[in-house]
Amino acid sequence: MLSIHAARDPGPKKRHPRIGLAIAGGGPVGAMYELGVLRALEEACEGLDLTRMDGYVGVSSGAFFAAGLANRMDTAELCRIFLKGECADVPFSPEIFLQPAFREYLKRAAAAPKQGMRLLHDLVSPDTGSRWSELLNRLGGLIPTGLFDNAPVERFLGELFSHKGRSNDFRKLKRPLFVIAVDLDSSETTCFGGPGWDDVPISRAVQASSALPGLYPPVELRGRNFVDGALRRTMHASILLDRDVDLLIGINPLVPFNPTREAGHARFGDRQIAQAGLPGVLSQTLRTMLQSRMQVGLARYPQRYPHINQIVFEPNAIDRDLFYTNIFSFSARQRISQLGYRNTLDDLRNRRELLEPLLARHGIGLREQVLADSHRVLLDALPAGVHRTETTARLARNLDDIEHLLQRVV
């Protein structure tokens with residue numbers, strides 16, 4: 001599903017238009033859908049270099065790819081790492097996302113004796129009010145704040161961004177990158193990569209931004225606890241819009257599932273989401289909240305930013321596979337990425353008449369040979385990786401920078 005918000009007052013056409021990319025969160029499955037979208041955009045759009053955008057915003061799982069692209073890792077390389085497990089620099093395994101948070105468990109267990117003494121005091125004291133409520137409060141302090149450990153994820157990203165000319169330092173990137181997290185105590189948004197927070201390692205910022213409450217423990221930085229950036233806003237696109245980009249490209253992987261759109265093709269279990277039990281109800285609730293909040297922002301942006309074109313890619317409401325796949329499952333990553341890939345190519349093809357003049361204004365064209373292939377498969381079209389040493393990788397980057405600079409001058 002593609003949302004197009006054409007600028008009401010685009011202003012004069014620029015020789016080098018500024019383009020920003022905002023990527024929302026959605027857990028591992030949402031991230032894999034986003035990877036398919038990004039790969040389709042890179043293949044189908046002539047003149048769009050996703051590694052040279054004029055600004056990136058990443059929220060939660062979307063921060064992984066925003067940070068990778070800002071580090072000049074193209075979508076083919078990201079696909080080889082996350083879909084095929086091919087990473088010459090740092091070994092990657094999907095299990096790093098699902099390692100039990102043993103340290104958090106031990107921390108809570110160590111607090112049990114003290115909590116037990118407080119509980120005993122509350123139960124025997126005549127002035128504590130409801131004993132059952134106090135019991136629940138004390139027991140709640142023993143429950144871990146996250147099931148899984150996100151430290152291995154941070155270590156993987158820290159190593160990945162330390163090889164072959166990449167950087168784990170916001171200040172050393174050639175393109176602005178912003179990673180969003182929320183302060184758990186104040187509920188305020190923190191923009192890593194922005195003023196006052198650009199000295200935090202990118203890997204730590206991504207770890208904080210993707211610390212979904214209940215699944216991962218909060219990430220402590222400067223004595224403050226940070227959690228998933230999607231708690232406040234879905235995409236945080238305004239950070240780029242305030243930087244006066246000319247075109248905003250957004251990706252949101254979570255939308256409500258609507259089985260009634262094609263009732264004739266729906267299976268019995270699809271006709272009412274409640275039949276999927278509590279997981280289905282919670283998933284639909286989360287998706288509805290995230291999308292509705294984003295739609296409110298998108299409806300407001302044309303008034304605040306009338307000169308900026310905005311394009312947002314989302315799944316279709318009838319994408320059953322995306323809804324019924326466990327949001328934290330990595331086993332279906334190739335299938336989900338292919339879904340995002342196909343949906344995006346279909347959107348570009350079906351909305352071509354409206355998209356082409358809008359994209360042309362920003363120096364972007366659509367590749368006919370890619371859009372004409374209605375059976376295109378992401379992994380089949382993925383080029384083989386080129387093995388480079390640390391030295392040759394840095395040399396290739398420098399030569400690419402020189403070539404890009406010469407093209408802009410000419």
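Predicted model: local features only at pLDDT ≥ 70, side-chain atom pairs only at ≥ 80, totals over all residues.
Residues are numbered from 1 along each chain as its sequence is written. Local features need pLDDT of at least 70 and side-chain atom pairs count only at pLDDT 80 or more, while totals for chains, interfaces and linings use all residues, and side-chain values use heavy atoms, with hydrogens and water left out.

**Exercise 1.** Classify the ring pair of Phe 192 and Phe 226.

Solution. Start with the rule: rings of Phe, Tyr and Trp (its six-membered ring) pair if their centres lie within 6.5 Å; planes under 30 degrees apart are stacked, over 60 edge-to-face, and the rest tilted. This rule gives 6 aromatic pairs. For Phe 192 and Phe 226, the centres are 5.4 Å apart and the planes stand at 70°, so the pair is edge-to-face. Next, place the residues: Phe 192 is in strand β6 (residues 189–192) and Phe 226 in strand β8 (residues 224–228), 34 residues apart. Strands here are DSSP runs of E, at least two residues long, and helices are runs of H or I of at least four, numbered from the N terminus.

**Exercise 2.** Is Phe 226 buried or exposed?

Solution. Buried means under 20% relative accessible area, exposed over 50%, and partly exposed in between (1.4 Å probe, protein chains only). Phe 226 has 0%, so Phe 226 is buried.

**Exercise 3.** Describe the surroundings of Trp 197.

Solution. First, the rings of Trp 197 and Phe 226 have centres 5.6 Å apart and planes at 85°, so they are edge-to-face. Then look above the ring: the charged end of Arg 222 sits over Trp 197, 4.2 Å from the ring centre (CZ of Arg or NZ of Lys within 6 Å of the centre and within 35 degrees of the ring normal).
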